[in-house]
Amino acid sequence: MHILFFAQLKDVARCDRTELPLAGPVEANALWELLLEKFPGLAGHRASARLARNGEYADAKTIFADTDEVALIPPVSGG
Amino acid sequence: MKIAIQLTSKPIDISRLREEFRGRAGAVVEFDGVVRDAENGQTISALEYEAYSPMAENQMRHILETLGEKFPCLAAHVVHRIGVIPVGETAIYVGIVAKHRGEAFAMLSAFMDRLKQDVPIWKVRAISVKSEVGSLKFEGTKSAIKSSSSGWRLEEALAEISSRCRPLPGVRTPLAEALDRVLREPVIAADDLPATDKSTRDGYAILEHDSSATFQVIDTIHAADWKPRQLKTGEAVRIATGGSLPGDGLRVVMQEHVEREGDRIRVVRRENALNIRKRGAEVRAGQTVVAAGNGLTAGALAMLATVGCTQPLVSPRLRIAHFTTGDEIVSPDQKPAPGQIRDSNSILMRALLRSFPCELTQVHLREDFEQAKVEIGDRRSEIGGVDVVLISGGASVGEKDFTRPLLEWLDFEIVFNRVNIRPGAPLIFGWADDGRRVAFGLPGNPLSHFVCYQLFVTTALRRLTGAAVRGFLRGRLASKLEDASNPRETLWPARAELDEAGWSLTPLPWSSSGDVNCLVAANALLRVPASAQNLDAGIAVEFIPTDRT
């Protein structure tokens, strides 16, 4: 699975993208656990960051597959 | 509803967008979100925005479609700029067209609220650097023409030219065409250089304080790789010179200081050096790498390329028309009859202007005003419309002189027509269009021509391009100057050499303003004050260099 980081989360993860191999489909919570294992620094951002799957915001029931592009979206500040 | 959405890293042209909305019936409501000069109480010069582009565009479209059900509108156009946006420039433009104003206002307001909640665009950094753009502003004076029988003093004339000329609007230009143009806005690095910690050696990255004797080599990093990872005690990563370190808190052990066997290494020598070039060691993000007002040299262009500035805002190519006059002038390839001379001013001016990127038109005119009007004829508006008109010859006060009426016919207002210097006194300066067009009538003698170009024309050209105006440099006289006395200040051709003590100036012999001989060696003009008698070797003098403007 492709993972994309933006804004301050790039600094936390020390990269703007990474590959996260998935054994099978997972829900958002399980995905977060995998992410925190690899990037413990993200823990403090879990409450404020949203997940997007293939360019759409995900919710708690979204199922993520190994072929998805997942973005971690910290609070936005456009305009 | 017709929806158009765009993310761009280029400046947003509001007037063009507005034009697209012209002529549609009903209400047009527009919002222009501009970068303020303060962020969290700090004075800033720019903001940097980042976007998750495809999703940001989809989200904006989705929001507009959803809101369109509630507030039926005819069209919506959103442009959001990303990257570094200077203060005062547009970050977002939203235009809404509807039959009535109510739904257009409601749509715009609701859209901006939703944008700030859901569209993945971020202000990632406030950049605070002193802006150099302000130095381009210059308040011109419109003083009445000063009259003096002996002419204007040198400083007065230079100050007047500076204050009358206005920088021409900058143009975005590809790097390949930007050499010698003047940069019109500071170029700011968006990222650190280097962007990551880099190894300065071929060797092995290990934890900085890892005192293990042997290490397991778990990966290889080439110069172009970016492989962040956490190293553990006893682990090493093979890394090439220029390779990006995989994390913080590391050091690189030179390959000459290890013995390798299979995928294990043994460190045989330890040194204090980390062998790492730190992120940002060369340039920090937000730093001005080339300031406004700088002429773009080959090296400056390389810097712009390094930071990804491919379309710098630079001075335009100047449009210059140069007229030579004088019935005694023949082409250099002809043998002059008695009383005639070959034209040297055409090539002199063409060569001098090489320092300024320009489009030069050169025309020879018969020295007769009525005939010159006929010769220029249909091209009057074309020639009168250039940025700079230069006329060689015909500036002395004589029956045949016609530069002044010619410039007035080309709609220039004459500001002064005499400067109290030698050579070069009969200099005419005119202006038009509030200082966006200027004209000079230059005395036709080659040395006068050269002096007036170096002092006055370059001042005008530098102001039009937005470059800083040069002052005089200081040096010392290398040899005694005798019989320099003259009621007027003299600009004396000289040879300037740089030695351990600074600039040393050797005056060159010259006898009249028609002297070409002294120009062969001259690379400077030395100021000799009015009424100076003899100048001794070693005294301090002022000069301008002439071999490169």
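A nonpolar core here is a set of buried Ala, Val, Leu, Ile, Met, Phe, Trp, Tyr and Cys residues joined through C-beta atoms within 7 Å. Buried means that 20 or more other C-beta atoms lie within 10 Å of a residue's own, exposed means 12 or fewer, and partly exposed is anything in between, with C-beta atoms placed from the backbone. With that in hand, meet the largest such core: among its 69 residues, A:F6, A:A71, B:I96 and B:M107 touch the most other members.

You're looking at a predicted model, where local features need pLDDT of at least 70 and side-chain atom pairs count only at pLDDT 80 or more, while totals for chains, interfaces and linings use all residues. Residues are numbered from 1 along each chain as its sequence is written, and chains are lettered from A and ligands numbered from 1 in the order in which they are written.

**The cores**

- The biggest giver to the 69-residue core is β8(B), which puts in seven residues. (Strands are DSSP runs of E, at least two residues, and helices are runs of H or I, at least four, numbered from the N terminus.)
- What does B:I96 touch, leaving out residues up to four places away in sequence? Its partners are B:V29, B:C73, B:A76, B:A104, B:M107 and B:L108. Touching, or being in contact, means that the C-beta atoms of two residues, placed from the backbone, lie within 7 Å.
- Another core, of 65 residues, lies apart from the largest one, and its members include B:A372, B:F429, B:L455 and B:L505.

**Where the chains meet**

- On the chain B side, 22 residues are in contact with 13 residues of chain A.
- Which elements of chain B supply at least two residues each to the side that touches chain A? They are β5 (46-51), α2 (53-70), β8 (90-98), α3 (101-118) and β9 (121-127).
- That side of chain B splits into 14 nonpolar, four polar and four charged residues. For this count, Ala, Val, Leu, Ile, Met, Phe, Trp, Tyr, Cys and Pro are nonpolar, Asp, Glu, Lys and Arg are charged, and the others, Gly among them, are polar.

**Chain A**

- Chain A has two helices and seven strands, and from the N terminus on they come in the order β-α-β-β-α-β-β-β-β.
- Of its 79 residues, 25% count as buried.
- Take the contacts in chain A with a separation of 6 or more: 52% of them are between residues 24 or more positions apart.
- Strand β1 (residues 2-5) of chain A runs antiparallel to strand β2 (residues 17-19) of chain A, with three bridges joining them. Two strands pair if DSSP finds at least two bridges between them. Across this pairing, A:L4 stands opposite A:R17.
- β1(A) also pairs with strand β7 (residues 69-73) of chain A, this time in the parallel sense and over four bridges. Here A:F5 sits opposite A:L72.
- A:R14 has a positive phi, near 60°, although it isn't a glycine. You'll find A:R14 in the loop between α1 (8-13) and β2 of chain A. Buried, exposed or partly exposed? A:R14 counts as partly exposed because it has 17 C-beta neighbours inside 10 Å.

**Local spots in chain B**

- Helix α10 (residues 446-465) of chain B has a kink of about 40°, centred on B:Y453. The bend at a residue is the angle between axes fitted to the seven residues ending there and the seven starting there.
- α10(B) is mostly covered, with 20 of its 20 residues buried.
- B:A432 belongs to strand β29 of chain B and is partly exposed, since 17 other C-beta atoms lie within 10 Å.
- B:A432 and B:D411 are 21 residues apart along the chain, yet their C-alpha atoms are separated by 6.9 Å. Neighbours within four places in sequence aside, B:A432 is in contact with B:D411, B:F412, B:E413 and B:R437.
- B:D433, a residue other than glycine, has a positive phi near 50°. B:D433 lies in the loop between β29 and β30 (437-442) of chain B, and its 12 C-beta neighbours inside 10 Å are why it counts as exposed.
- There's a cis peptide bond from B:L193 to B:P194, with omega near -10°, and B:P194 falls in the loop between β11 (187-188) and β12 (198-199) of chain B.
- B:R422 and B:P423 are joined by a cis peptide bond too, with omega about -15°. B:P423 is in the loop between β28 (421-422) and β29 (428-432) of chain B.
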